[in-house]
Amino acid sequence: MTTADRRRTEPVLTLEDLTVVYETEHPVTAVKHADLTLHRGEILGLAGESGCGKTTLAYAINRLHRPPARIASGRITFHGDDGDIDILALEDRELRAFRWERLSMVFQGAMNALNPVTTVRAQLKDTLLAHRPRMSRKEIRERSEDVLNRVGVDPRRLGSYPHELSGGMRQRVMIAMAMLLEPQIMIMDEPTTALDVVVQRDILREIVRLRDELDFAVVFITHDLPLLLEISDRIAVMLEGEIVELEAADRLYRDARHPYTRRLLGSFPSLSGERGAFIRTGVDETTPTPTEERA
Amino acid sequence: MTSVKITDLVKDYTLRAGLTRTRLRAVDHVSLELIPGRTVALVGESGSGKSTIAKILTRMERPTSGTVDVRLDDGTAVAGARYRREVQMVFQDPFASLNPFHSIEHHIARPLRLHRRTSTNRETHERVIEMLERVNLTPAEAIATRRPHELSGGQRQRVAIARALAPGAQVLIADEPVSMLDVSIRLGVLNLLGRLQREDQLAVLYITHDLATARHFSDEIVVLYRGRVVERGPSDAVILDPHHDYTRLLALAAPDPERPGRVTSEAGVDREAIDNSRCYDHFAGAWREAGVSAAEARIDA
Amino acid sequence: MTNLKPSSEPSVADSAELLAETSTETGRRPRAGWRMLLPTMTPWLAIGLGLIIAIALFGLIGPHLVGDPRAIRDMGLTGPSAEFWLGTTQTGQDVLAQLAYATRGSLQIGVIVGLLATALSAFFGIYGAYRGRVVDEAFSLFTNVFLVIPGLPLVIVISGFVPAESRGLWTIAIVLAITSWAGSARVLRAQTLSVRNRDYVAASQVSGERPWRVIVVEILPNLLPVIASQFVFAVIAAILGEAGLSFIGLGASNSSTLGTMLFYAQNGFALSLGAWWWFIPPGLIIALFGTGLSLVNFSIDEIINPKLKNLRLHRKRARRAARLERELAQATRRNGGVPTQTAKESAR
């Protein structure tokens, strides 16, 4: 067993009994008693459909959720190299230091989250200076060029404005920004949904390669289960706020236990496999889905 | 029953930036045929020209050159208001394709009245209910009075399908009809389209970027790259035995749990190196030049 | 191919959707089509409507209940009394009677100008944007020209050119209307451009609807709140504009409005003579009517942007959520981690 493999079994983040409630007129429990352990350097897929609470869960992990959402119970522990951090007990100042340093996020539609009026260089510099105020100009330049190189963007692009970059390029810059401070965890919320398939494939390849190089853990959130099956080590399936199944990717594909997981798997026709019971049988057409029943 | 024959379709857009004008060729000599009861999938990325073809087919854009020939069974050409009745479209975004202001009934009743499929209010209402039941929206009476925001994405898309079929359309253009829906209801909507197609012998153009559904849902696949057809043929042949570099790239990019671990093993292909001057035709089993008119096309056996 | 479209900017076109969603959230069944566009009753709306209705009734019914406003008596400048509730003018005319007729005159101007300006802005804004290309360019240019023409000076010049005897109510109304529609037309154009590109408009075009039907049935309802708000604003502007014109002596010659009343009060030295009953009532009516219309406009704003409506409620819930979460965090810190039953209880 190599060191990397041994480290892969050490937890880096544990969620215990996490519940998130939206305080609306009829309070909605968006995440119900979630238990989850993220190991070092692992890619954990979080699959589910719209409204299942996967984004709420991701935001709650580093307390980015906005009221009226609130964490109603539970515990989130980050296991750093220098001891455990109870995220829920952090004061605001500590929390700000914790975010991005230890745990960063790539948001849904993040490629539109870059500030359109400043250059990539300025945005990377702002992020660096906010957390490492003493960094020298030279160090900042070197670090910025280094991260861009790592995500496969030419460092000459530092002087570009976001609109001068393609969608895939902007998404890479966002990933560069998320890894700027060498966090141990990166949470990615639908990072490739708005991209073309080929570009999406390039970005995924980049993420997996970076993980292998830098050994950070990734929580990858998407509705695209086949994509998760390919890139993640383990997959958690969420349904109406609950994690209904958490299993190694290949086991989940071969031997899913929860009916909802099987249903999700069955929703994706296989590209190279048999047609199976898929199209043109007229079967399964009227089966109501959880989402439709709720509506 | 109605069929569509597109011949040598070209669409240029003029881009103005200050005083300079550049011409962008969105669609370059595309020819295809839609036959009753058969589905043709138009596959490609954004900017490949597939939406432009949809717009030309629905007469929202005029082609720069080329013809769209729509004919009934008896050989009469369809034109004018009749064209609108025969060729209908299902849009990508079910949240934007229904007017939030109007009830579901309004959306289906309008085309019925417009094309004089029904004459009295009572008849229209009965027909609306019938249409809703056909797309499995029950209880139809209750759903007819609702407004779009009260329905889920899948239900809205069913309404959009009912609306497209209401005038009695025989040719259906489905522009990414399921890409914005939740995954677990996508198959339901596609299966519904499949059933309606069988029942009405519809000619369907299925526009998508999803190769897996394109393969299973359609009879023929046409791959578009930068406005040109680069590969065409029976679905299984195109997907399982792609000849053109671009089709291969697309097929590799699509997630496929049957072949895990490909993410890191395969290097990225240089897209700039892909040329779209040649097209592989599985029907002819040969390469031919792409982007020239069908009459002049040379076939390399 | 992209799965998701970049989210378009929020605009009025989304308002119907948003409204429906917010009412769903509050648990009520959303109101159907047209009724959904009516504002919900709030104290402010009630006060606004109350003011408008009271003043409108005064203008409509008042003239039938009072005596001849022109009758001259030999009791100039007397204060309010039992006989003349609002006193008399310099020439002994009944101020209350004048006020009733003047209110009617001002309301007439306001409504006429409001309708004309709204019609102009709707035509140039919506039709131009819907047709696009050359028509849009031309209409847009035309609108911009009218936008940069300084309103008041033009009104003064036009009013000055038209001889006093033929300067009737309609002349003034048309002059005010053509100088005030351009701003609204630009706003409507922007909104129409956003609505026009929605798929439901494309869908009705594909189904073969005629252009005017697409505009009236598919686009217009989604713009109604904006148009209503613009109408209300045009009425306020027209009443104020007409008062200003009349005050400088360029108003309609054959009609009496609140502006002409102020003009005569000014000429009769009402201010320096301390005859407050002569100039305060017309001034007050203008101010109150303007207030009433503005209050109604605020309520229409809530339709255009339903988020405004739920703002207060939302803040309250957010504060509660934040407090509960702080308690949980404190409990966690105290107990060195494990959330106890009490923490959970208090969180509930």
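Helix H10 (residues 259-267) of chain A is covered from several sides of the sequence: what covers its buried residues includes strand E3 (43-47), helix H8 (225-231), strand E9 (234-239), strand E10 (242-248) and helix H9 (249-254) of chain A. Chain B takes part too, as helix H7 (183-200) of chain B belongs to this cover. The model is predicted.

Which residues of H10(A) are buried? They are A:Tyr260, A:Thr261, A:Leu264 and A:Ser267. Seen down the axis of H10(A), these buried residues fall within an arc of 120 degrees, so they line one face of the helix. An α-helix has 3.6 residues a turn, so residues three or four places apart point the same way.

**Chains A and C**

Chain A has 11 helices and 10 strands. Chain C has 14 helices and zero strands.

|---|---|---|---|
| Chain A | 295 residues | 45% | 68% |
| Chain C | 348 residues | 43% | 70% |

**Where chain B touches chain C**

How many residues does each chain give to the contact? Chain B gives 29 residues and chain C gives 23 residues. On the side of chain B that touches chain C, the elements that give two or more residues are helix H2 (81-86), strand E5 (87-90) and helix H3 (104-114) of chain B. H3(B) gives the most, with three residues. By kind, the residues on this side of chain B divide into 12 nonpolar, 10 polar and seven charged.

**Confidence**

The predictor gives the complex an ipTM of 0.82 and a pTM of 0.79. Chain C averages a pLDDT of 75, and 79% of its residues score at least 70. Which element of chain C has the lowest mean pLDDT, and which the highest? Helix H14 (residues 341-347) of chain C has the lowest, at 40. Helix H9 (residues 199-206) of chain C has the highest, at 88.

Two stretches of chain C can be listed here. Over residues 1-13 of chain C the pLDDT is below 50, and this stretch has 31 contacts in the model beyond near neighbours in sequence. Over residues 337-348 of chain C the pLDDT is also below 50.

Terms used
Residues are numbered from 1 along each chain as its sequence is written. Chains are lettered from A and ligands numbered from 1 in the order in which they are written. This is a predicted model: local features need pLDDT of at least 70, side-chain atom pairs count only at pLDDT 80 or more; totals for chains, interfaces and linings use all residues. Helices (H or I, at least four residues) and strands (E, at least two) are DSSP runs, numbered from the N terminus. A residue is buried if 20 or more other C-beta atoms lie within 10 Å of its own, exposed if 12 or fewer, and partly exposed in between; C-beta atoms are placed from the backbone. Two residues are in contact if their C-beta atoms, placed from the backbone, lie within 7 Å. Ala, Val, Leu, Ile, Met, Phe, Trp, Tyr, Cys and Pro count as nonpolar, Asp, Glu, Lys and Arg as charged, and the others, Gly among them, as polar. pLDDT is the predictor's confidence in each residue, from 0 to 100. The arc is that of the directions from the helix axis to the C-beta atoms.
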